[in-house]
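Dear colleague,

I am handing over the structure below, and after it you will find what came out of going through it. Please keep it open beside this message as you read.

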Amino acid sequence: MRSYLEHILGSFYTAAGWNAENHYANLTASSRDLLDFDLPSGFILHVSSLPTGSSASSGTIKNLNGVVDGAISYFYSSPENILLKSKLRSEDVELTKYLSGYYQLHLPVTAEDPIYREVWRKGQRVDSKYSLLYGKLYLPSNTLESMFIRQFSPTDQIVVSAVSDPRIRHGGAIMTQLQHNSGRWCSEMIYSSHEALIGFRGLYNFAVDSHLPELPLGVSSIPGISGSSASSLFQLQQSWFSAGGEIYYGALNKAAGVSVGLRYATSSSFVNTPTTTTLTLNPVMGQLSVAYAVQATNSTSFASRFDFNAFSYESNLTLGCELWRHKNRDSKVDVFTGLESNNTAVEKKDATKPPSPAQKSSEYSEFATTTSQPPSLIDESVWKLRVATDSPSVRLLWEGRMKAFLFSVGAEAGLRADQGVKTFGLELQYAA
Amino acid sequence: MSFQFDWPFSTEDNFYPRVTSLLTEALNKGTKPPIIVDDIVVKDLNFGTKPPELEILEIGDLADDRFRGVFKLTYNGNAFMTLQTLIEANPLNIYSHLTPSFTNPKFLAASSSLKIPLTITLSDIKLSGIVILVFSKAKGATLVFRNDPLESIKTSSTFDSIPTIARLIQSQIENQLRLLFREEIPAIIYKLSQRWTPNGNAAVATNATLNSEKDAKNGGLPSSPRVKPVTLAEVNPDLPSLSPTNMVQLNLLGQAQQTLSLHTPAISDAVCRSMVERHKEQEDEKDDDDLSSIIIRSRRSVKNGKVRRHRKVFNLRRAESKPESSAAPTYSEDIKGDLMSDQHVSAQPPPLKI
């Protein structure tokens, strides 16, 4: 389950028009979210609130084997109301986007011209740059984490994250990332004070036309369709190649590392099923990793990954799948816009799909009396399963929404008869 | 004074496998540095042919069955040990484990792990240090190093062709071994010496019998845990000759007449009466010093939980003639406090009046 910080970050990037999928670190995001999901440990409760459009706060209580931990965190964002751009309340958050399912990639588009960000009033410029400030204090252990993001322009951004903990050498660490993200090319320069690590990452999308034609009039006014998905409606290209690499050097511990990666992704279900294929290679250590993720139907996704090391001949195969249980489909669905009659907006990807047969039949039976089932306690839920050849256990996760709470129950169980359940955890989130 | 060592130990059965397993367990206890990704296994162990030399510096406790001394230990023999483990070859992988998670740049494949097997042979061990050796026939033997004994050690490994890694391994192994000598060797030698103590043998036999009982699924009470009767002197020769169990029984007997407890310890050929009070005037009781009046007086003097101080003179009259009683200790007025003192108990108590 994503933390509230990741949720706020996603909302911030959406409002600021920053394409976080374009980073090299997210090259394998689709398969990673399906195969490497984290299980909650112990019992965790998160309570968050968004009192204004610019500030948010969150508190956590964790109980693991009798040890009780807690944390509080605060967020502040600079231009007004940018955190309201996407739904953050746990009652009506879009679960398929939030519960880290198959991460559907969108064709990278160019960032907007910075002239659209200027706000003038009485001859003076009064706009403020997009920025986000975050702080989290872990209460028993007195560890402080903080992060500051500032966008200089729609294509340039700096992220500064710091940790202050007396147990770390020198009292803490600070990491700075300077990022440049235009539609075709995304690069990052990284510096971390822990062992003085310097890094450079870059990703290039092939044959992506950064300069898109303007949207036809009237398209962006349709509710439920935002700018980028509208442009992909009118794009002929639905699949693209990306290639990237990273190189690091630690000045104090004389450590160095390099890796390259390649990705082929398709994004629309008009043409074929959305798939993502990635290949990453570490030439120095001889590690090769190939992953394939596919969204087979509206409710199922599968992923598999094969790792192989050319020097030590270690290999590993990981398989994962995800099954969704959606809301009852007996509510009336408007064919053109994809809006349901109880006025919850459908996710972006549904707008690009043709209406499913279930929706059509319910649309035709609009005039007949529909028997509505009593609303079940669990709104929407997803089951995730993962098996791997290098570990003799199965990871199982069940996430969903119950009333206004997002819950996540995870367990890791051994496959042999004498092994029981190794870990079990429950996590609850509530955001107002 | 010289010591004769029965060295090497290879004539003992099951010695080398037992030491190997104990040493493997000791090396893997505690947190390993992130560069070592697998258990450290002792593959080969040989104590060599030359015993260590002990020079006596100080003898502390010397008796028939126990012994304590401070020695100077030097070892220049040809013992050797071979260890096998897996180490991590990607420094960025170690970095991603050590750095705090919030400031971790999300490495994509640059931190993938590469595990390399490593075999190290430690030979030419030179030890020189001051050691405190404690030996007790009942409890076993142990030795503790007062300073760091490791002088030099030669390590040869699979990375000998790369001098930087060989130097790194040498320093890491030396650190681990110093830690081992300081903290784990006393425990290992103590456990090994348990085989020669009677209590250790009984403990080993106890485990064997209990395990066999568990296997047989014995539903009733387990049989007596002792395989053979063990005398008190064997277990702890330093104990006094009085058994604490008997003292507890006597105390219970004395207290049984003061409490509402229903427990009356059974004494053969005697009648136990719960009330020893006689109905007498308080003045007549003042100078009575038989057991019952003393108890009555002591009970009366305890008010609100506080013991009032007495100013009584007690003459401990014995059944024998007077000259002996004059030699008996008399309490002066300075004695205040509890009447049931040791002196009183050890003297022959007057008979209980029925």
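Buried area is the accessible area, taken with a 1.4 Å probe, that two parts lose on being put together, summed over both. In this model, which is a predicted one, the area buried between chain B and chain A is about 2200 Å², and carbon and sulfur atoms give 71% of that area. Tyr95(B), Phe102(B) and Leu108(B) supply 33% of what chain B buries against chain A, which is more than any other three residues. As for the contact itself, 21 residues of chain B touch 39 residues of chain A, while the count of salt bridges between chain B and chain A is zero.

Over all chains, however, a search of the whole structure finds ten salt bridges. One of them is formed by Asp33(A) with Arg2(A), whose closest N and O atoms lie 4.0 Å apart. This pair links distant parts of the chain, since Asp33(A) sits in helix α2 (residues 29-35) of chain A and Arg2(A) in the segment before α1 (4-16) of chain A, 31 residues apart.

Within chain B, helix α1 (residues 15-28) packs with helix α3 (residues 163-193) at an angle of about 135 degrees, the axes being 10 Å apart, and α1(B) is therefore oblique to α3(B). The crossing of these two helices, α1(B) and α3(B), is right-handed. Among the residues that meet there are Phe15(B), Val19(B) and Leu22(B) from α1(B), and Leu180(B), Ile188(B) and Leu192(B) from α3(B); the residues of this contact divide into nine nonpolar, one polar and four charged.

With kind regards

Methods. Residues numbered from 1 in each chain as written. Chains lettered and ligands numbered in written order. Predicted model: local features only at pLDDT ≥ 70, side-chain atom pairs only at ≥ 80, totals over all residues. Heavy atoms only, no water. Axes fitted to C-alpha atoms, helices over the stretch in contact; angles between N-to-C directions. Helix = DSSP H or I, 4+ residues; strand = E, 2+ residues; numbered from the N terminus. Parallel < 35°, antiparallel > 145°, perpendicular 65-115°, else oblique. Left-handed = near helix turned anticlockwise from the far one by under 90°. Contact = heavy atoms within 4.5 Å. Nonpolar A, V, L, I, M, F, W, Y, C, P; charged D, E, K, R; others polar. Salt bridge = Lys/Arg side-chain N within 4 Å of Asp/Glu carboxyl O.
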